[in-house]
Amino acid sequence: MTKIKLVRIYDHEQPAGYRILVDRLWPRGKSKNDADLDEWTKEIGPSTELRKWFNHDDTKYPEFRQKYVAELEHNPAATAFVDQIKAKLAEQDVLFLYGAKNKEHNQAVVLKEYVEQRL
């Protein structure tokens, strides 16, 4: 069974699958060649204002999660993104690549939950 996997773009072990960078900003120190992306969907990431406010502060994560989901619900690209993920999952695993150091409290975690609830 295929699934969405969260993968830190800097990790040495990279599973196989359709590779989508879901960060709005390009990850520092990573060349586009090394990233080996199938796609970069920056418009699905949190707004610059929300990203700066969150600043990877774990204490803000619950509120960040709520605000990011609200942004996704009003983002015209979100419905097409969910449809695209559904189509890709029919063929292979989909990897949501992100740059954050914290693997539990980041926007890719929220995005994965959001997409899975709509599949």
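**Lys88**

I started with Lys88, which I found in helix 4 of this predicted model. Buried or exposed, or something in between? I read 22% relative accessibility for Lys88, so it counts as partly exposed; the cut-off for buried is under 20%. Setting aside neighbours within four places in sequence, Lys88 is in contact with Tyr18 and Val94. Tyr18 is 70 residues away from Lys88 along the chain, yet their C-alpha atoms are separated by 7.4 Å.

**Helix 4 against helix 5**

I stayed with helix 4 and asked how it sits against helix 5. Helix 4 covers residues 76-89 and helix 5 covers residues 107-118; their axes come within 10 Å and cross at roughly 75 degrees. That angle makes helix 4 roughly perpendicular to helix 5, because angles from 65 to 115 degrees count that way.

Which residues make the contact? From helix 4, I noted Ala78, Phe81, Val82 and Ile85; from helix 5, they meet Leu111, Tyr114, Val115 and Arg118. By type, I have seven nonpolar residues, no polar ones and one charged.

**Helix 5 on its own**

I checked the length of helix 5 next. Its twelve residues should span 16 Å at 1.5 Å a residue, and the end C-alpha atoms are 17 Å apart, which agrees. I listed the buried residues of helix 5 as Gln107, Ala108, Val109, Val110, Leu111, Tyr114 and Val115. What covers them? The cover includes strand 1 (4-8), helix 3, helix 4 and strand 4 (94-98).

**Helix 3**

Helix 3 (residues 61-73) has 13 residues and reaches 18 Å from its first C-alpha to its last, close to the 18 Å expected. Its buried residues are Tyr61, Phe64, Tyr68 and Leu72. Looking down the axis of helix 3, I see these buried residues fall within an arc of 70 degrees, so they line one face of the helix. They pack against helix 2 (48-54), helix 4 and helix 5. The face turned away from the buried side carries exposed Pro62 and Gln66.

**Thr41**

I found Thr41 in the loop between strand 3 (39-40) and helix 2. At 4% relative accessibility, Thr41 counts as buried. Beyond its neighbours within four places in sequence, Thr41 is in contact with Ile20, Leu21, Val22 and Phe81.

**Lys3**

For Lys3, I looked in the segment before strand 1. Lys3 has 49% relative accessibility and therefore counts as partly exposed; exposed would need over 50%. Its contacts, leaving out neighbours within four places in sequence, are Leu89, Asp93 and Val94. I also checked Ile85, 82 residues from Lys3 along the chain: the two C-alpha atoms are separated by 9.7 Å.

**Two positive phi values**

Last, I went over the backbone. Most residues other than glycine have a negative phi. Asp36 has a positive phi, near 50 degrees, and is not a glycine. I placed Asp36 in the loop between helix 1 (32-35) and strand 3. With 53% relative accessibility, Asp36 counts as exposed. His56, also not a glycine, has a positive phi of about 55 degrees. Where is His56? I found His56 in the loop between helix 2 and helix 3.

Methods
Residues numbered from 1 in each chain as written. Predicted model: local features only at pLDDT ≥ 70, side-chain atom pairs only at ≥ 80, totals over all residues. Heavy atoms only, no water. Axes fitted to C-alpha atoms, helices over the stretch in contact; angles between N-to-C directions. Helix = DSSP H or I, 4+ residues; strand = E, 2+ residues; numbered from the N terminus. Parallel < 35°, antiparallel > 145°, perpendicular 65-115°, else oblique. Contact = heavy atoms within 4.5 Å. Nonpolar A, V, L, I, M, F, W, Y, C, P; charged D, E, K, R; others polar. Buried < 20%, exposed > 50% of the residue type's maximum accessible area, 1.4 Å probe, protein only. Expected span 1.5 Å × (residues − 1). Arc of directions from axis to C-beta.
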